[in-house]
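Please open the structure in your viewer and keep the selection panel handy. We will go from stop to stop, and each one begins with something to select.

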Amino acid sequence: MSTHLPTADLRDPDSAARTARLRDALRAAGFTADGLLELLGAPAYAALARSETVPALRATRGTDAPATLVRLFLLQRPVPYDRAAAALPVEDCLADGWLVRDGDEVRASVDVRPYGGPDGQDWWIVSDLGCAVGGAGGIRAAEEAAGVDRAQLVLGVGGASTTLAGITVRTPVAKALDLGTGSGIQALHASAYATQVTATDLNPRALRIARLTLALSGAPEADLREGSLFEPVGEETYDLIVSNPPFVISPGARLTYRDGGMGGDDLCRTLVQQAAAHLNDGGYCQLLANWQHVEGEDWRDRLRSWVPRGCDAWIVQREVQDVTQYAELWLRDAGDHHTSPEEYAARYDAWLEEFEARKTKAVGFGWITLRKSGAEALSITVEEWPHPVEQPLGAAVVDHFARQDYLRETDDAALLAAHFRLAPEVVQEQVGLPGAEDPEHVVLRQNRGMRRATKVDTVGAGFAGVCDGSLPAGRILDAIAQLMGEDPVLLRDRTPEAIRMLVEQGFLEPVGQG
């Protein structure tokens, strides 16, 4: 099968006009994120996300335009020429290579997946055949469908892509860099709030597909550059750097989209350590990463050592897998479970040999956010939070670092003179035996953002409950001391640490004065 990709290019007026007509046809036919759910129904839609195509095939047995487009671009089924012509400008698609003609039928040359932008935009993510949601059969089948070595395959939207898009800070910036762009989804997001977007990738095929994603979605042309890590951008600096890098810790570099080619977690460490030199003051670098849990080392200390000078950091470990779980996950990803038992066992053994040599007992996965603050006393938060969160979290990231700034600049005396307000949608839970006079402990729980929960004592619960911004913290503590019969001076001395914890975790918000 041909490995040629569509040639849509916004720099060519004729191609840009043809791409605009295709985009209009997709939108008019309801080939959008919302339209796809309506057409397929929730069960078939969910099955498609698991790469199970039978329910979607059943739901698209009709001949209307939405069913035709799903069959063409998501299920990779050929359809009659006349049926395709009723759904979209078929000659435009043939001219630019979106479709290929085989006698009386046409077929898609790439996967095209509807994707909803953060502000309701209708976008479409392009990837190699078989590599989007609903691609049949995994990477080995995708290699055959696309007609290209699987080491060069370009994947569409997955859980990692949407996670990174959700945590990314979305404030307007002048310059943004998408490092390792793949299908271009992060560059597409950046185009909505960045004046200038640069996207890089080691795989030239990925750059071509990223250009298609941007063009089909109606986004401005990005500055696309080939190369590894920061090499393509020289000494240039940015206000925002995002990266979903090839973070898989593997024995070798078989697949460009996932294997970084460096030993262990060195690629992620290198990316983090080099980021500071490419950030403008106040700029953010946000990426997904895997990291090793090494015998005899605290993983938190290990990650703290990655953070470059001049940067605050917030690192969240979302999941941990032992080395056998990790190896099995990525062996399945590569389709190695479909090989001979001997070949599978040899590859499995190579992974475990690699981990043993590096004294790796487990692998963590999570988010790393750097902010170039230039502060003398840097704030580096490394935590484990495997619980559900509320996406998008970009605003919560900004708030996190604003709180770190506040606490860094506010001593205990100023803290007691400050006014605080309980954050929205924080609830109190009392935990104890049924019928007990007093609870065993009190928990404050957030229903937004990180959805944190933390235990507090009676003073902490009472303090948080009274905070409405009207009284300074010290006055509230004096009143609590009087009610509890405690020495107000002692209570003032021991409570600032608890207040700092509640502010740091977002339960209390400082209220500006004057």
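**A tour of backbone and burial**

Start by selecting lysine 359, which sits in the loop between helix H15 (341-357) and E12. Bear in mind as you look around that this is a predicted model. The phi of lysine 359 is positive, about 55°, although the residue is not a glycine. Is lysine 359 buried or exposed? With a relative accessible area of 51%, lysine 359 is exposed.

Next, select leucine 229. You will find leucine 229 in the loop between strand E8 (223-226) and E9. Here too the residue is other than glycine and phi is positive, near 45°. This side chain belongs to a buried residue: leucine 229 has a relative accessible area of 13%, and the cut-off for buried is under 20%.

Now move to proline 392, in the loop between strand E13 (380-384) and H16.

For the last stop, select helix H9, residues 159-167. Which residues of H9 are buried? They are Ser161, Leu164, Ala165, Gly166 and Ile167. Keep those five selected and show what surrounds them.

Definitions and conventions
Residues numbered from 1 in each chain as written. Predicted model: local features only at pLDDT ≥ 70, side-chain atom pairs only at ≥ 80, totals over all residues. Heavy atoms only, no water. Buried < 20%, exposed > 50% of the residue type's maximum accessible area, 1.4 Å probe, protein only. Helix = DSSP H or I, 4+ residues; strand = E, 2+ residues; numbered from the N terminus.
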